[in-house]
Amino acid sequence: MAREIPKRASRWLDVLRVASFRAIFIAHVISLSGTLVAQVALSVRIHERTGSSFLSALTFALGLLPHALAGALSSRCHLPARRTLIGCELLAGGLIAGMAVPDLPVAMLLAATFLAGTFGSLFAVTRAASLPELVPAGLYPLAHSVLRMSSNSAQIASYAFGGLLLTKWSSGTILLIDAATFLISAIILYRGLPISEMPAGAARRPAASPAIHRDSWVALRKPELRALVLLGWLLPVVCVVPEALAVPYARGMNGTGWDVGVLLAALSAGSVVGEFWAGRTLGERARVTAIVPLGLMQLIPLLVYGMTPIVPIAAVALFVSGLGAGHRLGLDQRVLELTDPQTRGPVLAIATAGLMIAQGAAFAAAGALGDTFAPHWVVAGSAIAGIPCALLLMMASRSSRSS
């Protein structure tokens, strides 16, 4: 495993040259792409069968809410990180294959989605805690950014492609393809992560050392670190609201599955462009300075929803919102600087789990509100509420740094 920090400025290719990270990256893209396509199929299928915005959004939320269990699961998992990652992929794939059974009741589909999300949550937390061990410290912000951009890129293709596939294939066929992607991912991890390059401590550290786990929570008492972590949760939470309501919003505009895919892909497309630009053009200090303007850029365009825009205009607003995702590089940089090597892994695992829990709760809450209020008001209202909260957290982080 590479440990030396490049003497020149870090570049994207430096991250991909780390063999163990490259295996995680490829496996992540393959399994995530299949899952996202299946989510579109399930969401549309459930909305057609029930007519409920809440149940439709719940198919997305149940893939994220199990992160509430991820901390407890990781604390009881005594397997090395490599085995944990592979096992999670195999178990999640098996559950998704079972969801392909024809005429499976909606309750069973949602339950299987939750269980598969539980293994996905353990996978994400284990990967987050292990990532600082896999790449040099100087490459960590870019490595984290590569995973985010690959997720967003997969969303662009998968959401749009998923809408198109719905016109050709059944949701059962799409689910079987998704299950196959998990098997492929597990094989890549098995071959690409030698035991010597996946320290067992990265997966077991929170359980094996309660003092370290306790210190990670103490570290979050630092005002600036706490404000940065909360800001890192708040902005993505607001941005998932239009995704949660993409199906009812598009159907309310007499849109098709393709329109749903476009709305789901637009924010991710902007996020890829925004993070790539920030990583390529901004230095470490400039990334930190850009947290405020880029963070606000994520929220302000969502106010357009208050005017009930047609699908193409809504998609443009979501794309512009996504451009603000470059702020995450600055957040990662500051979090890395404010944590010591001993507690860094657990702090990053807490941040990842908390983000996924918050996003899952936001999906469910947005869906529930969408059954009572018009979807465009829910999206615009979330932005109106989010902007002052984001400003307060930004002020807290800046005042702490200057003190």
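How many of the 12 residues of H17 are buried? The count is 11 of the 12, so H17 is largely enclosed by the rest of the structure. Buried here means under 20% relative accessible area, exposed means over 50%, and partly exposed lies in between, with a 1.4 Å probe and protein chains only.

The model is predicted: local features need pLDDT of at least 70, side-chain atom pairs count only at pLDDT 80 or more, and totals for chains, interfaces and linings use all residues. Residues are numbered from 1 along each chain as its sequence is written, and side-chain values use heavy atoms, with hydrogens and water left out.

The protein contains 19 helices and 0 strands. These elements are DSSP runs numbered from the N terminus, where a helix is H or I with at least four residues and a strand is E with at least two. Of the 403 residues, 57% count as buried. The accessible surface is about 16200 Å², and carbon and sulfur atoms hold 69% of that surface; the areas come from the Shrake-Rupley method with a 1.4 Å probe, and for residues only the protein chains shown count as cover. Among contacts with a separation of 6 or more, 87% are between residues 24 or more positions apart. Contact means heavy atoms within 4.5 Å.

Helix H17 covers residues 327-338. Its 12 residues should span 16 Å at 1.5 Å a residue, and the end C-alpha atoms are 17 Å apart, which agrees. The expected span is 1.5 Å times one less than the number of residues. The buried residues of H17 include His327, Arg328, Asp332, Gln333, Arg334 and Leu338.

Glutamine 333 of this helix has a relative accessible area of 7%, which means that it is buried. Its side chain and that of glutamate 337 are joined by a polar contact of 3.0 Å. A polar contact is a pair of N or O atoms within 3.5 Å; within protein, one must be able to donate a hydrogen and the other to accept it, and residues adjacent in sequence count only if both atoms are side-chain atoms. Beyond its neighbours within four places in sequence, glutamine 333 is in contact with Pro141, Glu284, Arg285 and Val288.

Glutamate 337 also takes part in a salt bridge with arginine 285, at 2.3 Å from N to O. This pair links distant parts of the chain, since arginine 285 lies in helix H14 (residues 284-289) and glutamate 337 in H17, 52 residues apart. A salt bridge is a side-chain nitrogen of Lys or Arg within 4 Å of a carboxyl oxygen of Asp or Glu. Arginine 285 is partly exposed at 45% relative accessibility, and glutamate 337 is partly exposed at 35%.

A search of the whole structure finds 6 salt bridges. One of them joins arginine 334 to glutamate 224, with the closest N and O atoms 2.8 Å apart. Arginine 334 is in H17 and glutamate 224 in helix H11 (residues 223-244), so the pair ties together parts that are 110 residues apart in sequence. Arginine 334 and glutamate 224 are both buried.

Another salt bridge brings together the side chains of arginine 148 and glutamate 275, at 2.9 Å from N to O. Arginine 148 belongs to helix H7 (residues 140-165) and glutamate 275 to helix H13 (residues 257-281), a link between distant parts of the chain that are 127 residues apart. Both of these residues, arginine 148 and glutamate 275, are buried. Salt bridges with shared partners join Arg148, Glu275, Arg328 and Asp332 into one network.

Helix H5 (residues 81-98) has 18 residues that should span 26 Å at 1.5 Å a residue, and its end C-alpha atoms are 26 Å apart, which agrees. Among its buried residues are Ala81, Thr84, Leu85, Cys88, Ala92 and Ile96. Cysteine 88 has a relative accessible area of 3%, so it is buried, whereas cysteine 389 is partly exposed at 38%. The whole structure has 0 disulfides, a disulfide being a pair of cysteine sulfur atoms within 2.5 Å.

Threonine 181 lies in helix H8 (residues 171-192). This threonine counts as buried because its relative accessibility is 11%. The side chain of threonine 181 reaches the backbone oxygen of aspartate 178 at 2.5 Å. Leaving out residues up to four places away in sequence, threonine 181 touches Ile30, Ser31 and Gly34.
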